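Thanks for coming. I will go through a few side-chain contacts in this one, then take the aromatic rings. Please have a look at the structure first.

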Amino acid sequence: MPILSPIGRKQPKTRLLIAAIYVVLSLGALTMVYPFLLMISGSFKSHLDRQDWDIIPRYLHDDTLLFRKFVESKYNESLAAANSAYRTTYYSFENVAPPPRIHERAVADYREFLACGRLRDDWRTLGFIFAYQMAPQNLRLLINELRSQCAGDIRKFNDRYGSTYERWDDIRLSLYAERWIDRHYQEIQSPLGPFYRKLRDARPHYESATISLDGDFLERRICPQFGEFSVARLNEAYGTNLATFADLHLPARVPANPAFAKDWEIYVRTLLHPRFIRFDKSARPAFELFLRQKYETLVAFNHIHGTHYREWADCPLPDEVSTAGATLADAMQFLESAAPRGAIEITGPEFQFRAFLKHKYGDLAALRQAHGIEYASFDTVPLPEREYDWVEMQAHHRAVVREFVVRNYAIVLDYLFLHGRALWNTLIFCALAIVTALLVNPLAAYALSRYQLPSQYKLLFFLMATMAFPAEVTLIPGFLLLKQLHLLNTFWALVLPAAANGYAIFLLKGFFDSLPRELYESAMMDGAGEWTMFWQVTMSLSKPILVVIALGAFTAAYGAFMFALIVCQNEKMWTIMVYLYQLQQRYAQPVVFASLLVAAIPTLLVFVFCQNIIMRGIVVPVEK
């Protein structure tokens, strides 16, 4: 009967121990991989979903979240604008929900209405133009158009249009969605105006939000007065039986309900822009009296307005008032103080849409049957904006997802390509750093290895001691020295301070010491000089370790941003890392994640393509 050896009796325990070690190592690897995957996922997100701890962004498979992101971008991150369009009371974009039901015929009619050209340009706002510390799709298109007009030169753009922008991405701070409905809003009159309007007219309808007077009335008058979630108080005040705030519709003229009429009049006279207001002929006597009291003489009126009217009766009632000037001022003052409320009429997208439906279907019964909705009257037909947004998002699902996937990376790449000479500076800096490291350090190590200097150990100790101090300690002395040498804002300032590296010299000396001395003796017998032995023998046999040194020099040069920023304060000399550091101060967390991943790509490519040589550089010195 065979006797089990002690090793045989311990073998199961040994295997169990090895398995446990592998499990622990695997768990340790996961603790490193999981945060990295979270950063990758975060680079595809926005302000809305950046707090989600998921490896795969949820909007890629969850249309509800995708709809919320779409709404946030379309309404330029203005929750008030989204609530106004949908006639809702959401307190966060995280609560925006898809419509409970899609009335396809109503959406089709609304799409037809938008396409027929009845919607004025100042009744809609362009989306995807503003975001929190981001540059959405339409803003990027606008900046690209501006760059093409001036060959990418921001100074030429400033000279041509009288602006003072320092960078192309500063333009995002000067644009915001048009607030056409606000009483004192004026159309963009800056040099960007024509480009902006051209872009707005060229983009598809689903990227523009239509003004809703019903929703704005709820948002700015009703909800602040009665509370966003208290429709019961509204019903009590108006004597109505509304189920939700969305059931309240703004009539074209003052309503008969006294309480409703009071709110209607306050909204029209003090909040709504005159571009949505008309005066009928019954307002003419009051308007003429208002003009007489304001200007006193017709000569003064003609002088201010640039007109040549002979009688007060010739002065027209304000109509289609949209631009700034004396006419707008007259309309606002007349509306606020002297216009008879019975002569005031409002118009807007809802009223045009209802007129379109009435012309198309003729009577209310046909409209009810077509839409499948029991409208009380034509005056209660709302704009199906939320249903339209959902349908359009589904129809352009791929384009919408693509925008959210590439947005952050487009911001990073645009920032790098549009600013200075970042890529070219980085390429030159890394190349010079590698060449210098492969020349200075091997020469120093070769001298220490070939010649047994009396104080070489003291020299090695001094070289190793340089590793004991953080690089920040030498920033100020290095800066002052470079300043005295007049080398600031040059590549010399970037390369020379790191030309000699104590650790690299120590590592190379140890490798050179391991080379057979017989090789040098044979070379000397063949008549080789010191340079030949250095280049043909030492450097030829040291390729693996030289690759490691080169990789270290590349990593240090490519990753340097603080020292590079201090010694090269001229933006023309900034490298990629300096620009990315500046970008990270201006943009939100998802863009920062994207910038870190973009910055890691060159180092990753170097490791992938040079992996075998790098491993030889690590293994060979150990073996020797």
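By a polar contact I mean a pair of N or O atoms within 3.5 Å, where, within protein, one must be able to donate a hydrogen and the other to accept it. Bear in mind that what you see is a predicted model.

With that, take S282. Its side chain makes a polar contact with the side chain of D280, at 2.4 Å. Where does S282 sit? S282 is in the loop between β3 (277-279) and α11 (284-295). S282 has a relative accessible area of 49%, so it counts as partly exposed; exposed would need over 50%.

Now the rings. How many aromatic pairs does a search of the whole structure find? The search gives 31. One to look at is Y295 with F301: the ring centres are 5.2 Å apart and the planes stand at 90°, so this pair is edge-to-face. Both Y295 and F301 are buried.

There is also an aromatic cluster, made up of Y110, F113, F353, F356 and Y388.

Last, a charge over rings. Which faces does K69 lie over? K69 lies over the face of Y59, 4.8 Å from the ring centre. K69 also lies over the face of F404, and there the distance to the ring centre is 4.9 Å.

Methods: Residues numbered from 1 in each chain as written. Predicted model: local features only at pLDDT ≥ 70, side-chain atom pairs only at ≥ 80, totals over all residues. Heavy atoms only, no water. Phe/Tyr/Trp six-rings, centres within 6.5 Å; stacked < 30°, edge-to-face > 60°. Buried < 20%, exposed > 50% of the residue type's maximum accessible area, 1.4 Å probe, protein only. Lys NZ or Arg CZ within 6 Å of the ring centre and 35° of its normal. Helix = DSSP H or I, 4+ residues; strand = E, 2+ residues; numbered from the N terminus.
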